[in-house]
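Biologist: I have a model open and would like to learn how to read it piece by piece. Could you take me through it?

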Amino acid sequence: PVPAGDPYNVGPITFVDDRTGNFGTIKSSSITYTLTYDLPWQELGQFELNASAVRILTFTYDLTPGQPYQSQIGDTAVPPVWKGLATVRWTKANWTAMLFAYYTGPFGSNASNNALDYEPGFLVVHEPSFTTFDLNVGYRFSHGIWHGYGKNMRIAVGVQNIGDIYPPF
């Protein structure tokens with residue numbers, strides 16, 4: 001019942017249905033490019049180069065069933081159009097080392113950095129691309145650590161984000 005004097009004439013809130021549900025659909029397509037090359041420098045060890053890149057071609061959604069799909073390329077909720085990973089792997093005897101480069105292409109974001117404040121189709125900030133690097137070095141104990149125990153155990157140390165580069169968003 002609506003209490004007397006209620007200025008909105010709606011009454012008290014007695015229940016909140018806070019269940020979430022997926023009402024729409026997302027359709028996306030992308031293409032992945034990959035390149036692998038073994039360098040012929042055997043006297044220095046084995047070198048392997050790998051590079052891969054992903055290009056998002058389409059990213060559309062309909063928020064409610066039966067509605068037309070809308071392109072979301074450039075929206076804050078969509079991955080960047082380009083992403084990539086390159087690695088250099090070196091192996092010699094029991095030693096290995098890998099250098100990783102992660103590329104994230106430019107993307108759009110809203111000024112508040114809060115998805116709740118985002119207005120569809122309105123990009124306030126265009127974030128630049130950025131690249132980070134990781135390094136990993138390892139050693140394999142082919143004969144074990146102590147009296148044959150730990151045979152073929154590999155120990156590795158790594159540093160993530162060597163340049164201490166923070167993404168723009």
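Biologist: Where does Ile162 lie relative to strand 9?

Modeller: Helices (H or I, at least four residues) and strands (E, at least two) are DSSP runs, numbered from the N terminus. Ile162 lies in the segment after strand 9. This is a predicted model, in which local features need pLDDT of at least 70, side-chain atom pairs count only at pLDDT 80 or more, and totals for chains, interfaces and linings use all residues. Residues are numbered from 1 along each chain as its sequence is written, and side-chain values use heavy atoms, with hydrogens and water left out.

Biologist: Why does Ile162 count as partly exposed?

Modeller: Buried means under 20% relative accessible area, exposed over 50%, and partly exposed in between (1.4 Å probe, protein chains only). Ile162 has 44% relative accessibility, so it counts as partly exposed.

Biologist: Which residues make the nonpolar surface patch?

Modeller: Patches are made of residues with over 30% relative accessible area and no salt bridge; like charges are joined within 9 Å, nonpolar side chains (Val, Leu, Ile, Met, Phe, Trp, Tyr) within 5 Å. A salt bridge is a side-chain nitrogen of Lys or Arg within 4 Å of a carboxyl oxygen of Asp or Glu. Accessible areas come from the Shrake-Rupley method with a 1.4 Å probe, and for residues only the protein chains shown count as cover. Here Tyr37, Leu49, Val88, Trp95, Leu99, Phe133, Leu135, Val137, Val157, Val159 and Ile162 make a patch of about 920 Å². Two or more residues come from each of strand 5 (95-104), strand 8 (130-141) and strand 9 (153-159). Strand 8 gives the most, with three residues.

Biologist: How do strand 5 and strand 8 run, and how many bridges join them?

Modeller: Two strands pair if DSSP finds at least two bridges between them. Strand 5 and strand 8 run antiparallel, joined by 10 bridges. Tyr103 has Thr131 as its bridge partner in strand 8. Tyr103 of strand 5 is also the bridge partner of Gly84. Strand 4 (residues 82-92) pairs with strand 5 in the antiparallel sense, over 10 bridges. These two strands form a hairpin with two residues between them, and Ala93 in the turn has a positive phi of about 55°.

Biologist: Which residues other than glycine have a positive phi?

Modeller: Among them are Asn9, with phi near 55°, and Asn152, with phi near 65°. Asn9 sits in the segment before strand 1 (25-39) and counts as exposed because its relative accessibility is 57%. Asn152 is in the loop between strand 8 and strand 9, and its relative accessible area of 43% makes it partly exposed.

Biologist: Is Thr96 buried or exposed?

Modeller: Thr96, found in strand 5, counts as buried because its relative accessibility is 10%. A polar contact is a pair of N or O atoms within 3.5 Å; within protein, one must be able to donate a hydrogen and the other to accept it, and residues adjacent in sequence count only if both atoms are side-chain atoms. The side chains of Thr96 and Arg154 are joined by one of 2.5 Å. Contact in general means heavy atoms within 4.5 Å. Not counting residues up to four places away in sequence, Thr96 touches Arg89, Trp90, Thr91, Asn136, Val137, Gly138 and Arg154.

Biologist: How many helices and strands does the protein have?

Modeller: There are zero helices and nine strands. Of its 169 residues, 21% count as buried.
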